[in-house]
Amino acid sequence: MTFIELISFCKVFSVALHLDNERILTRADLEITSEALKRMGSEAPYWNQYQREIYKAMVDYTKHKLEEMI
C-alpha cells in the first residue's frame, strides 16, 4: 500500500467509524480506497471471520459513499 493509499484508507475508515466528519472525504479518496480494498481482498486468503467482516463493511461503505457522490 502506498502512502497516498494509506492516507485515503485512513480517512475513509475514520469517517466510517464516525470519528471524523464526512466533509473530509473526496471522490478521489473513495476511489483510491476502493482499489486498495480490492487488492487487499485478493491478497488475504487467511483472514479470520472478524477481519472478513471489517473488510466487507469497508467495501460496502465505500461503495455506498461513491454512489451518493454521483
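Which residues in α1 meet which residues in α2? The model is predicted, and I read everything below as such. From α1 I listed Ile-4, Glu-5, Ser-8, Phe-9, Lys-11 and Val-12. Their counterparts in α2 are Asp-29, Leu-30, Ile-32, Thr-33, Ala-36, Leu-37 and Arg-39.

**Entry: α1 and α2**

I looked up the geometry of this pair next. The axes of α1 and α2 come within 8 Å. They cross at roughly 105°. An angle from 65 to 115 degrees counts as roughly perpendicular, so α1 and α2 are roughly perpendicular to each other. I then sorted the residues of the contact by type. There are 7 nonpolar, 2 polar and 4 charged residues in the contact of α1 with α2.

**Entry: Glu-5**

I picked Glu-5 from the α1 side. Glu-5 sits in helix α1, which covers residues 3–16. Is Glu-5 buried or exposed? Its relative accessible area is 12%. The cut-off for buried is under 20%, so Glu-5 is buried. I checked where its side chain goes. The side chain of Glu-5 reaches the backbone nitrogen of Thr-2 at 2.9 Å. Setting aside neighbours within four places in sequence, I found Glu-5 in contact with Ile-32, Ala-36 and Arg-39.

**Entry: Arg-39**

Arg-39 belongs to helix α2, residues 27–42. Arg-39 has a relative accessible area of 36%, so I noted it as partly exposed. I also took a distance to Ile-54, 15 residues away along the chain. The C-alpha atoms of Arg-39 and Ile-54 are separated by 15 Å.

**Entry: Phe-9**

I went back to α1 for Phe-9, which lies in that helix. Its relative accessibility is 16%, so Phe-9 counts as buried. Which residues does Phe-9 touch, not counting those up to four places away in sequence? I found Thr-33, Leu-37 and Met-58. Phe-9 and Met-58 are 49 residues apart along the chain, and their C-alpha atoms are separated by 9.4 Å.

**Entry: α1 and α3**

Phe-9 is also listed in the contact of α1 with α3, so I looked up that pair. The axes of α1 and α3 are 11 Å apart, and the angle is about 95°. That makes α1 roughly perpendicular to α3. On the α1 side the contact is made by Phe-9, Val-12, Phe-13, Val-15 and Ala-16. On the α3 side I listed Ile-54, Met-58, Tyr-61 and Thr-62. How do the residues of this contact divide by type? I counted 8 nonpolar, 1 polar and no charged.

**Entry: α2 and α3**

The remaining entry on helix pairs takes α2 with α3, which covers residues 49–69. The axes come within 10 Å and cross at roughly 150°. The cut-off for roughly antiparallel is over 145 degrees, so α2 and α3 are roughly antiparallel to each other. The crossing of α2 and α3 is left-handed. From α2 the contact takes in Arg-27, Leu-30, Glu-31, Thr-33, Ser-34, Leu-37, Lys-38 and Gly-41. From α3 it takes in Tyr-55, Met-58, Val-59, Thr-62, Lys-65, Leu-66 and Met-69. By type, the residues of the contact of α2 with α3 divide into 7 nonpolar, 4 polar and 4 charged.

Ser-34 is found in helix α2. Its relative accessible area is 18%, so Ser-34 is buried. Neighbours within four places in sequence aside, Ser-34 is in contact with Thr-62 and Leu-66.

Gly-41 is in helix α2 as well. Gly-41 has a relative accessible area of 32%, so I noted it as partly exposed. Not counting residues up to four places away in sequence, Gly-41 touches Trp-47 and Tyr-55. Gly-41 and Val-59 are 18 residues apart in sequence and 9.7 Å apart in space, C-alpha to C-alpha.

**Entry: His-18**

Where is His-18? I placed His-18 in the loop between α1 and α2. Phi of His-18 is near 60°, a positive value in a residue other than glycine. The relative accessibility of His-18 is 70%, so His-18 counts as exposed.

Key
Residues numbered from 1 in each chain as written. Predicted model: local features only at pLDDT ≥ 70, side-chain atom pairs only at ≥ 80, totals over all residues. Heavy atoms only, no water. Helix = DSSP H or I, 4+ residues; strand = E, 2+ residues; numbered from the N terminus. Buried < 20%, exposed > 50% of the residue type's maximum accessible area, 1.4 Å probe, protein only. Polar contact = N/O pair within 3.5 Å; in protein donor to acceptor, adjacent residues only side chain to side chain. Contact = heavy atoms within 4.5 Å. Axes fitted to C-alpha atoms, helices over the stretch in contact; angles between N-to-C directions. Parallel < 35°, antiparallel > 145°, perpendicular 65-115°, else oblique. Left-handed = near helix turned anticlockwise from the far one by under 90°. Nonpolar A, V, L, I, M, F, W, Y, C, P; charged D, E, K, R; others polar.
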